[in-house]
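Biologist: I have a model open on my screen and would like to learn how to read it. Could you take me through it, one feature at a time?

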Amino acid sequence: MTRLALFAGTAVLAFGISAMPALAACNGDASTETVLGAGSGAAVGGLASHSIAGAAVGGVAGGVIGNAIGHSNNREDCRREARAEERAYYRDRYHERDYWVDRYGDRHYYDDDD
């Protein structure tokens, strides 16, 4: 029974750490998620099989899964950053001003003949 409790506790801890949300930069780096996945996979694989080979297999599998999760999070961060930049661009461009900008980037001022 103690082995089951130890295994369950380690699995919960490993999956909890690897599932922590993190706001990463849009830089293509997934090393943190890969390391967390490999560490948690090695812990779970070692405890499940009681051997070094099981820990190695679990570490490799966890690293691959962590890397995939890291790249998925990175893509979402890049999309979020692009949406924020686009909203800021349109907010600045179409905000009420005393001029408008044509498609060539030239400013044209409104007449004050009202």
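Biologist: What is the mean pLDDT of the protein chain, and what percentage of its residues reach 70 or more?

Modeller: pLDDT is the predictor's confidence in each residue, from 0 to 100. Here the chain has a mean of 77, and 71% of its residues reach 70 or more. This is a predicted model, in which local features need pLDDT of at least 70 and side-chain atom pairs count only at pLDDT 80 or more, while totals for chains, interfaces and linings use all residues. Residues are numbered from 1 along each chain as its sequence is written, and side-chain values use heavy atoms, with hydrogens and water left out.

Biologist: Where is confidence lowest, and where is it highest?

Modeller: Helix α1 (residues 2–18) has the lowest confidence, with a mean of 63, and α2 the highest, at 87. Helices (H or I, at least four residues) and strands (E, at least two) are DSSP runs, numbered from the N terminus. In this chain there are three helices and two strands, in the order α-α-α-β-β along the sequence.

Biologist: How many residues does helix α2 have, and what span does it reach?

Modeller: The general idea is that the expected span of a helix is 1.5 Å times one less than its number of residues. Helix α2 (residues 31–49) has 19 residues and reaches 26 Å from first C-alpha to last, close to the expected 27 Å.

Biologist: Which residues of α2 are buried?

Modeller: Buried means under 20% relative accessible area, exposed over 50%, and partly exposed in between (1.4 Å probe, protein chains only). In α2 the buried residues are Glu 33, Gly 37, Ser 40, Gly 41, Val 44, Gly 45 and Gly 46. Across the 114 residues of the chain, 19% count as buried.

Biologist: What follows α2?

Modeller: His 50 does, and its phi is positive, near 60°. That is a positive value in a residue other than glycine. His 50 sits in the loop between α2 and α3 and is exposed, with a relative accessible area of 54%.

Biologist: Now to charges. How many salt bridges does the count come to?

Modeller: Side chains of opposite charge can pair when their charged atoms come close. A salt bridge is a side-chain nitrogen of Lys or Arg within 4 Å of a carboxyl oxygen of Asp or Glu. By this rule the model has three salt bridges.

Biologist: Which residues are linked in a network of salt bridges?

Modeller: Glu 76, Arg 79 and Arg 83 are. Glu 76 pairs with Arg 79 at 4.0 Å, N to O, and with Arg 83 at 3.4 Å, N to O.

Biologist: Why can Arg 79 and Glu 76 be about one helical turn apart?

Modeller: An α-helix has 3.6 residues a turn, so residues three or four places apart point the same way. Arg 79 and Glu 76 are three residues apart in helix α3 (residues 52–93), and therefore separated by about one helical turn.

Biologist: What is the N to O distance between Asp 77 and Arg 80?

Modeller: Their side chains meet in a salt bridge at 2.7 Å, N to O. Asp 77 and Arg 80 are also three residues apart in helix α3, about one helical turn. Asp 77 is buried, at 7% relative accessibility, whereas Arg 80 is partly exposed, at 37%.
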